[in-house]
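Reader: I have not seen this structure before. Please take me through some of its strands and charged pairs.

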Amino acid sequence: MDIPYIVIDQLTPDQQQVWRTYFGDADRPRYIEEGIWRRTQEKATAEQSGWTTADDARRRIIHYRYRYGLVPTTAAPAIGLTDLYLYHSATAPAHEIDAHHDALWDSLATGGWKEAPGGFLWTRRDLKCRITEHDVHPQDAAVGRILPVGYRSLDVQIASVSYAPPPSVRQLPWNVLSTGIRSKDRPGTPTRVPDLSVLADLLPFQVEIGCGTSVEAGIPPLHRLHEIYRVTDRQGHEPREHRFTLSPTADTLLHEVLTEPEEKTAEFVEMFRACFLAEPTPAMWALKELKDAGHLVGPVITNNFDVLAARAGLDECFMRRYDQAVPDVEWVDGVKALLVVGLHADRRKVQARARARSMQVVYLDPEGFWRDGQFMPYPLEGPQDGDLVCRATAAEALPALVNLLKQQAG
């Protein structure tokens with residue numbers, strides 16, 4: 001596979017301006033796409049991990065980090081993937097690791113990788129693959145983490161040949177693992193409201209947005225990434241039904257990358273490409289109107305990496321940070337409510353801090369999605385007693401709120 005790998009060819013002048021304006025280092029390097037999953041088999045995850053006894057301690061860690069940049073072409077510049085880094089660590093009973101090892105060797109051969117002297121490094125054009133086996137993983141030894149007798153680990157690092165991950169990048173997924181699994185909130189009994197007119201008595205308010213606004217812009221939902229990286233088995237219709245992929249013998253991700261890297265990389269860059277090509281939605285422009293009118297204050301607190309809020313002219317307070325367990329929130333004095341729009345991810349510390357500030361938490365979410373012409377319920381988990389929930393889309397409810405507040409202002 002050639003690096004740079006072209007993601008969007010022949011940018012229009014407007015697209016070039018979008019890149020220059022919004023993908024620099026303003027508040028974060030938006031030309032970096034990064035994700036981490038750590039899936040562990042333990043009692044607390046039994047429903048999704050298949051844990052039954054203390055001898056079940058399989059673990060799967062995936063960390064990807066991609067860098068994008070402008071690439072000159074004979075005509076207009078393109079956006080290319082300029083650095084690729086994918087780290088995969090599997091920990092399982094020895095016989096599963098042995099089978100995993102053999103499958104990797106078969107995949108390397110099928111994909112036409114060339115072995116470098118020493119037997120631990122393979123190359124294929126502009127990619128390199130390093131494989132390391134551990135009887136006791138150094139990261140486990142460093143923190144005194146004890147796994148069942150007979151467990152072993154196998155690490156695979158696939159990167160563009162010119163990229164050498166610094167120690168901070170290599171260490172990051174293990175730092176995330178050390179924070180433990182996310183404990184889910186026990187949902188309370190919120191009050192249902194038909195629309196957002198309640199906010200007329202709760203001005204000014206702040207807003208936190210999740211992937212619901214991204215989906216409205218045509219960006220795939222986050223569970224598409226789970227599909228691409230084989231995080232879950234994807235057997236059920238509802239995302240919470242999906243079980244973790246933990247056994248290396250059932251894990252197809254590395255086989256896909258090693259045998260057909262060009263085809264798999266097309267999937268890897270799918271989310272970034274969709275985010276760049278998306279346009280701010282009516283919901284985003286409604287938030288901008290609310291901001292300009294003084295009803296919405298502070299930056300948009302966001303878990304999204306689609307840059308749509310910034311492109312609508314709104315400041316962002318970005319929360320999806322792997323180097324901070326609890327990222328800071330820029331609260332505004334005198335704010336009365338927090339509007340949470342389309343946020344299903346298990347990141348509820350912002351809402352908890354809003355309640356601690358005596359702010360009214362209002363959720364805007366249809367609590368479901370359409371699949372093959374059928375509405376699939378997907379209830380929120382975060383709302384607590386005293387919170388308000390409006391079951392509508394952002395595209396419906398936010399422009400309606402703008403019109404209501406304009407009417408009240410005369």
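Reader: Over how many bridges do strand S13 and S14 pair?

Author: This is a predicted model. Strand S13 covers residues 337-341, and its pairing with S14 is parallel. The number of bridges between S13 and S14 is five.

Reader: What is the order of strands in the open sheet?

Author: The sheet has seven strands, with parallel pairing. Its edge strands are strand S9 (191-193) and strand S12 (316-318), each pairing on one side only. Neighbouring strands are turned by 25 degrees against each other on average, direction ignored. The order is S9-S17-S14-S13-S10-S11-S12.

Reader: What angle does the direction of helix H13 make with that of S14?

Author: Helix H13 (residues 349-356) packs on the sheet. There it touches strand S10 (205-209), strand S11 (300-302), S13 and S14. The angle between the directions of H13 and S14 is about 145 degrees.

Reader: At what angle does H14 run to S14?

Author: H14 lies across S10, S13 and S14. Its angle to S14 is about 130 degrees.

Reader: Which residue forms a salt bridge with Arg-60?

Author: A search of the whole structure finds 23 salt bridges. In the one formed by Arg-60, the closest N and O atoms are 2.6 Å apart. The pair links distant parts of the chain, 191 residues apart: Arg-60 is in strand S3 (residues 59-71), and its partner is in the loop between helix H7 (223-228) and helix H8 (253-259). That partner is Asp-251.

Reader: Is Asp-251 buried or exposed?

Author: Buried means under 20% relative accessible area. Arg-60 has 3%, so Arg-60 is buried. The relative accessibility of Asp-251 is 12%, so Asp-251 counts as buried.

Reader: In the salt bridge of Arg-391 and Glu-367, which residue is exposed?

Author: The side chains of Arg-391 and Glu-367 meet at 2.6 Å, N to O. The two residues are 24 residues apart in the chain, Arg-391 in the loop between strand S17 (388-390) and helix H14 (394-409), Glu-367 in the loop between strand S14 (360-364) and strand S15 (368-371). Glu-367 has 7% relative accessibility, so Glu-367 counts as buried. With a relative accessible area of 54%, the exposed residue is Arg-391.

Methods. Residues are numbered from 1 along each chain as its sequence is written. This is a predicted model: local features need pLDDT of at least 70, side-chain atom pairs count only at pLDDT 80 or more; totals for chains, interfaces and linings use all residues. Side-chain values use heavy atoms; hydrogens and water are left out. A salt bridge is a side-chain nitrogen of Lys or Arg within 4 Å of a carboxyl oxygen of Asp or Glu. Helices (H or I, at least four residues) and strands (E, at least two) are DSSP runs, numbered from the N terminus. Buried means under 20% relative accessible area, exposed over 50%, partly exposed in between (1.4 Å probe, protein chains only). Two strands pair if DSSP finds at least two bridges between them. Axes are lines fitted to C-alpha atoms, for helices over the stretch in contact, and angles run from 0 to 180 degrees between N-to-C directions. Contact means heavy atoms within 4.5 Å.
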